[in-house]
Amino acid sequence: MKKHLLLLGASLVGFITHNIAQVAPKENNWGTLTGLAGVDMQYYTRDNIIAAPIVPEKIRMNSFLFLNYRKGGFYAGARFEFYQPKPLLGIDERFQGQGVPYYFAGYQYKGLDITAGGFYEQFGNGLTLRSYEARQLGFDNFIQGFRIKYNYKGITVKGVFGRQRDFWSWSEGTIRGFDGEVNFSELIPKINKSIFRLTVGGSIVSTFRPGEEKVIGIETLKLPQNVTTASGRLNFGVENFTLSGEFAYKFNDPSAANNYIYKPGTAALVTASYSGNNWGMAIGAKRIDNFDSRMDREAVGNRLMVNWVPMLNKQHTYNLAASIYPYAVQYVGEQGLQADLNFTIPRGSKLGGKYGLDIAINASIVYGLDTTNLPARQTVFEGDTVLTPDRYGYTTSGRLGQQYFQDFNIEITKKFNKKLKLTVMYMQLWANLKTLTVSQLGKDPFVHAHIGVADFTWRVNNNHSLRFEVEGLYTKQDQGSWLMGLVEWTFAPHWSVSLMNQYNVGHPQVEKRVNYPLGSVVYNMGSHRFQLSYGRQRAGVLCIGGVCRAVPAANGLTFGYIGSF
Amino acid sequence: MKRVLSIMLFSVLGVATYAQLPDIALKDLDGNSVRISELKNDGKPIVINFWATWCKPCVLELNTIQDDFEEIQKETGVRFIAVSIDDSRNEPKIAPFVKSKAWPYEILLDPNEELKRSLSVQNPPHTFVIDGNGKVVWQHMGYTLGDESVLFEVLRKVARGESVEK
């Protein structure tokens, strides 16, 4: 039945669009149809040396087609997804299958926007609610239901009601949310003309999850079926200075993520930034305590997340810096600081030369909370005295807990002339492997690493350019040191060819000092892009031919297509 | 099924000329709303470029265009809008980043990728050229050195009112 419906739907869309195509006048009376299609296909070969997982089906595929239609204020769209026979390695296998999970229709009229069906939404920084899609990560938590938005002279209100995507099904629970924001600079002309800017906002999100009781050992916990999270935020600016902050509070929410404790959660973010001529800086602080919100109490990993806590460290893109020891936010509790400074030594000065010299310095440090578990309670069970944990959980002091992460980095970019450009980067990293998503050996929980990068671009002529990249990561812990080299030749506007090798030169076990060579060819045609790669891949972010994507660890042949129309 | 899908794809490609901009409000660096459907430039071309602070090719593209921007702006009257898709992790860093580079572009923020999704963009950088009638007449995905010459040529054509091959 489902298959027939799908076929019927597809035929209908096909029929309509086909007919529109036949008669569509150039004046665009028929509205606008845009779309995005993507195919990622990989042929996996056995590779015992890098311990690549064996893939019995040999070829796996992730693909989708998203169509988006607009006419006047009316809009509608749908996305067909296809993950067969299984999703690519690294993507959650529960995505296996095909169908049209995401579809919507809506209407916009003078600042009013009503959507029915699937939608993505974020309140404030995302502390109370964020639904988004990161396809390369296999993350998608859109809400299916109703949304109303209204925007008038700096006043924005949003209301959402729905259930959340859970791979190919839906969350059992429902989500209700409201967000309001007033931008006084837009609302009051007098402020708009002054040097001040002020925006104030707030949100309330309530989730309903069925289930009144949970039995753990001898305890029977009474569960709150409705959990409320509330937040307030502020953004204040004077000329080039901006101060912004958000504070969120969550009422008791016992779940698998917090070991079923009833302690309320809190989250606070504060950032300040200043921009001058040719320079700017930002500093940020955050504290998170018990702030994992989900549509299912038992959900773990990336499943059914309602909120999102921003990371407080630099988003690196150089291969070794970005993908060997990336930091993951600890929703259970963390506190941290970050400072970020960018400046350009101006063009024409002695050091700046004709094109200026760009310098970026960034430092961040993250600690856990200093917590003390409350003493266990004595409960009499069948005549015996049994100890059960205090369900309030723990108390926190203002002190720092265990250190989780530290990163200092400096990046200098110098364009010598129209043809030559060099970027060098140094990074010192300190990571606690307990908090990382990628941890291989686990003997030593701490890693201290130095990373160096040199990235040299030679523009041979207007269309041809060559790029050389050398990276090194030095550490005595975990998998030891790494070296990486890349040569990329681009011939604008269509072709790009690259060869890359990563070498685990310092692995403590000599037989695991492995090379990861990878060759790629990219063909770009306007908004269509084809890529073919062959070789070994270590998990990480890969940027070739001008576009970045996340790639899982494997060995084999990869074909990728992405097209927007 | 295969046939139906191929008809669908074919039809879509056929109809997808002259996309109009959606009615989405984004914030600028001062927090003020800018309605995308109401963007105007006196009949001259508008560029919408999706970028992010963490995207190397994006920064390379915007830096490279900066070198010739004054000239191309004088020639075509282009209004250049750089839409950052940085999420709230990087949002406070955008203004300092842009100011440090003294980029001459208008910056808009799309932290939860609303406009990006609506214009069917997958990865940054992605560039759209809008003609004097508010229609998307050209788009390009990715950036490699030399691509900017193609963009400049498109802008010159649009400014002269000539048609552009997609």
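**Notebook: chain B**

I began with burial: of the 166 residues of chain B, 53% count as buried (20 or more other C-beta atoms within 10 Å of a residue's own, with C-beta atoms placed from the backbone). The model is predicted, so I kept to its limits: local features need pLDDT of at least 70, side-chain atom pairs count only at pLDDT 80 or more, and totals for chains, interfaces and linings use all residues. Residues are numbered from 1 along each chain as its sequence is written, while chains are lettered from A and ligands numbered from 1 in the order in which they are written.

Next, the layout. I find five helices and eight strands in chain B (DSSP runs, H or I of at least four residues and E of at least two, numbered from the N terminus). The pattern along the sequence reads α-β-β-β-β-α-β-α-β-α-β-β-α.

Then I looked up H3(B), residues 91-101. Here 11 of the 11 residues are buried, so the helix is largely enclosed by the rest of the structure. Among them are B:Ile94, B:Phe97 and B:Val98, but also B:Lys93 and B:Lys99.

Last, a helix pair. H2(B) (residues 56-76) and H5(B) (residues 147-159) pack at about 20°, axes 11 Å apart (lines fitted to C-alpha atoms over the stretch in contact, angles from 0 to 180 degrees between N-to-C directions). That makes H2(B) roughly parallel to H5(B) (under 35 degrees). Residues in contact (C-beta atoms within 7 Å) include B:Ile65 and B:Ile72 of H2(B) and B:Phe152 and B:Leu155 of H5(B).

How values were computed. A residue is buried if 20 or more other C-beta atoms lie within 10 Å of its own, exposed if 12 or fewer, and partly exposed in between; C-beta atoms are placed from the backbone. Angles under 35 degrees count as roughly parallel, over 145 as roughly antiparallel, 65 to 115 as roughly perpendicular and the rest as oblique. Two residues are in contact if their C-beta atoms, placed from the backbone, lie within 7 Å.
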